[in-house]
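Here is a friendly briefing to read alongside the model. Keep the 3D view open and follow the topics in turn.

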Amino acid sequence: MTFGGGGVNTLHPELEVMLESSAAAPRPRRRISLSRLWWWLVFILGALYFILPLVGTLAFSLRAQPFGAAYTNSIADPQFFATLRYSFVIGIITVIVSILIIVPTAFWVRLKVPRWRPIIEFITLLPFVVPPVVLVFGLVTTYSRPPVPLTNTDFGSNVLVISAYVILSFPYMYRAVDTGLRAIDVQSLTEASQSLGAGWLRLLWEVIFPNLRVALLSGAFLTLAIVIGEFTIATFLARPAFGPYISLLGGNKAYEPAAVSLISFGLTWLAMIMISLLGRAGPGRVQIAGAR
Amino acid sequence: MLIPTIYLVVGSFRDNAGEFTVQNYADLGSDLTRQAYLTSIEISLVTAIAGAILGFLLAFAVISGGLPPVFRGALMTFSGVASNFAGIPLALAFIFTIGRTGLVTALLVDLFGLNIYGAGFKLFSKLGIEIVYLYFQFPLMVLIIAPAIDGLRRDWREASENMGASSAQYWRYVALPILTPSILGATILLFGNSFGAQATAFQLAPLVNIAPLLIGRQLSGDVLHNPGLGYALAMGMVVIMGITILGYSLLQRRSERWLRR
C-alpha cells in the first residue's frame, strides 16, 4: 500500500485490498502527470540558472548611454579586433598543426598497432591531468632560459602558445578523428588505394582526409572556440589575445566588458551550432569541456 | 609536452641555487599552501557533487521525464555551449548578475526586500566561486550522463514492473546499480574539471587562496617568489589530477559494459 489516500488506511483490511485493486486503473496516470510536473519544475529551474547570467549581462550592457553604446564602443576599440584577430589566427594555426599530428597518428594506430590505442588515448587525456596553469608554468620555466630561450622573442612566445594550444586540443581532436575513423573502413580503403599505386602521403591526403572532413571540422570548431576564449596560457606568455583583453577590460571599463562577454558567448555558440549542424550531416558529436 | 613535465619533476627537487632538496615538498605543508589545496579540493568536491546531482536530474528530466523532445535538443546544445563558456566572460557575467549592482541582486531587493549582500553574501568568496563553477559543471554532467540514461532500456523498467517492483525498487535495484559507475565517473571528471580551473577564479576572486591561483602567483612572481615551491605546487596538482583521471578511466571501463549493447 504505497499510494493509497490517508483515509483508506483506517478501513477493514479486506476492503482495503478491494479498494486498492479497483483504484489501480486510474492511479498510474495521476502519478505520471505528477512526476511530469516535477520534471518540468527541474527543467525550468535549470533553464533559469542557465539564462539569468546572460540576461543580467545583457541588461547591464544596455545600461550604457546612449542605447547600445557599450557595443559600439567595444567594436570601435582597435584592440578589440586586434586581439580577436590574433586569437583567431593562433586558433587556425593550432587546428592545422593538431590535425597534421593527430590524423596520421590515429590512422596509423588504427591500421597497424591497435594495441597501442589505450596508450595513445592516455596521452591525449594528459591535458586533463596537467591543468593549463601547470602546463604554462612548465613551459615558461623550461623555455625562458638557455638552452632554448623562447620567451625572449615574440616569435618564440607565439610558438610556445601554439604548442600549448595544440596540446590542449589533443583530446577533442583525437576523439573526433577516432570517431570519424570508426565510421569508415580504413583497412579496405588503404588496400584499395595501395593496389592502385598510391603512396602513404597520397593515401592520407586524397583518401583519408576527405573521408574525415566532417569529424575534422567539428574538432576544429571546438578547438577554435576554446582557443579564442583562452586566458591562462595566453596571459602568462604575455600574448595579445582575446581572453586577456576581456580580463583587462573587466578591470577598466563599466559596460563594455558586459558587451564583449556576450559577444564571446555568441562566438562559442556559433561554434557549437556549426558542430551540431555538421553532426547532422555525418559522424562527429559535440565534445566536452574547455579551458577554464 | 614531455620535456616540461620532466623539467617540472626535476625542478621540484631543486632549490634556488640548483642543489638537490626536498624542502619544496616540505613547504607544501606550510599553512598557506595547505590551506590553498584544502580550499581547492573543497570547492571541487562541492561543485562536482552538486553539479552531478543537478546535471543528472536535468538530463533525466528531458530524456525520461516526459518533456517534449524539443527541450532535449535545446538542453544538449545549450550544455555544449555552457560547458565551454568559461573563464573570464563567465566570471564577468556572474558579476553583472549577482554582483553588488547585478540584476538578480536588485531584483531580490525589489521583489522580496532581500538584500543578499546585507546578509553577508559575497561573490568574491568560496561560495561565489562555487556558484559560478556550477555554471560549467552541470552542463558537463548533462553531456556525459545523457548517453548512460539513454542506455537504460525501456525493457528493464517494464520487466521490473511486470515482476511487481515499485518505482523505488526499480531505482534501488536496477537503474542505480547500472548508472552508478557512470555517475561516479562523471563526478570524478567534474572534480578534475573544477580543480584545474584558473581563469574564472582569477577574474572573479583573485584573492581567494586556491591552488591554481597560488601557482599563477608563483609564476608571475608577485610575492614570495620561489620557483622550486612553484614546481612542487604544480606537481601536487598533477598528482591529484592523475589520481582523478585514473579513477575516472577505471569506472569508465566498468560502465561501458552496459552501454555497448
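**Chain A at a glance**

In chain A, residues 24 or more positions apart account for 77% of the contacts with a separation of 6 or more; two residues are in contact if their C-beta atoms, placed from the backbone, lie within 7 Å. This is a predicted model, in which local features need pLDDT of at least 70 and side-chain atom pairs count only at pLDDT 80 or more, while totals for chains, interfaces and linings use all residues. Residues are numbered from 1 along each chain as its sequence is written, and chains are lettered from A and ligands numbered from 1 in the order in which they are written.

- Chain A has 13 helices and zero strands, where helices (H or I, at least four residues) and strands (E, at least two) are DSSP runs, numbered from the N terminus.
- Read from the N terminus, its elements run α-α-α-α-α-α-α-α-α-α-α-α-α.
- Of the 292 residues in chain A, 41% are buried. A residue is buried if 20 or more other C-beta atoms lie within 10 Å of its own, exposed if 12 or fewer, and partly exposed in between, with C-beta atoms placed from the backbone.

**Chain B at a glance**

- Chain B comes to twelve helices and zero strands, in the order α-α-α-α-α-α-α-α-α-α-α-α from the N terminus.
- Buried residues are 46% of its 261 residues.
- Among the contacts in chain B between residues at least 6 apart in sequence, 76% join residues at least 24 apart.

**Where the chains meet**

- The contact draws 61 residues from chain B and 58 residues from chain A.
- On the side of chain B that touches chain A there are 40 nonpolar, 21 polar and no charged residues. Here Ala, Val, Leu, Ile, Met, Phe, Trp, Tyr, Cys and Pro count as nonpolar, Asp, Glu, Lys and Arg as charged, and the others, Gly among them, as polar.

**The nonpolar core**

- The largest nonpolar core has 145 residues, and A:V136, A:A164, A:V177, B:M141 and B:I145 touch the most other members. Such a core is a set of buried Ala, Val, Leu, Ile, Met, Phe, Trp, Tyr and Cys residues joined through C-beta atoms within 7 Å.
- Apart from neighbours within four places in sequence, A:A164 is in contact with A:L135, A:V136, A:L139 and A:I233.

**A helix pair in chain A**

- Helix α4 (residues 78-111) and helix α10 (residues 213-229) of chain A have axes that come within 9 Å and cross at roughly 140°. Axes are lines fitted to C-alpha atoms, for helices over the stretch in contact, and angles run from 0 to 180 degrees between N-to-C directions.
- That angle makes α4(A) oblique to α10(A); angles under 35 degrees count as roughly parallel, over 145 as roughly antiparallel, 65 to 115 as roughly perpendicular and the rest as oblique.
- The residues that make the contact are A:S87, A:F88, A:I90, A:G91, A:T94, A:V95, A:S98 and A:I99 of α4(A), together with A:L216, A:A220, A:T223, A:L224, A:V227 and A:I228 of α10(A).
- Sorted by class, this contact of α4(A) with α10(A) holds nine nonpolar, five polar and no charged residues.

**A helix pair in chain B**

- In chain B, the axes of helix α5 (residues 88-98) and helix α7 (residues 126-151) come within 10 Å and cross at roughly 125°, so α5(B) and α7(B) are oblique to each other.
- B:L90, B:A91 and B:F94 of α5(B) meet B:V132, B:Y135 and B:F136 of α7(B).
- The contact of α5(B) with α7(B) has six nonpolar, no polar and no charged residues.

**Single residues to look up**

- A:A70 sits in helix α3 (residues 69-76) of chain A and counts as buried because 23 C-beta neighbours lie inside 10 Å.
- Not counting residues up to four places away in sequence, A:A70 touches A:S61, A:A64, A:Y255, A:E256, A:A258 and A:A259.
- A:A238 is in the loop between α11 (232-236) and α12 (242-252) of chain A, and its phi is near 55°, a positive value in a residue other than glycine.
- With 13 C-beta neighbours inside 10 Å, A:A238 counts as partly exposed.
- B:L57 belongs to helix α3 (residues 31-64) of chain B and is partly exposed, with 19 other C-beta atoms within 10 Å.
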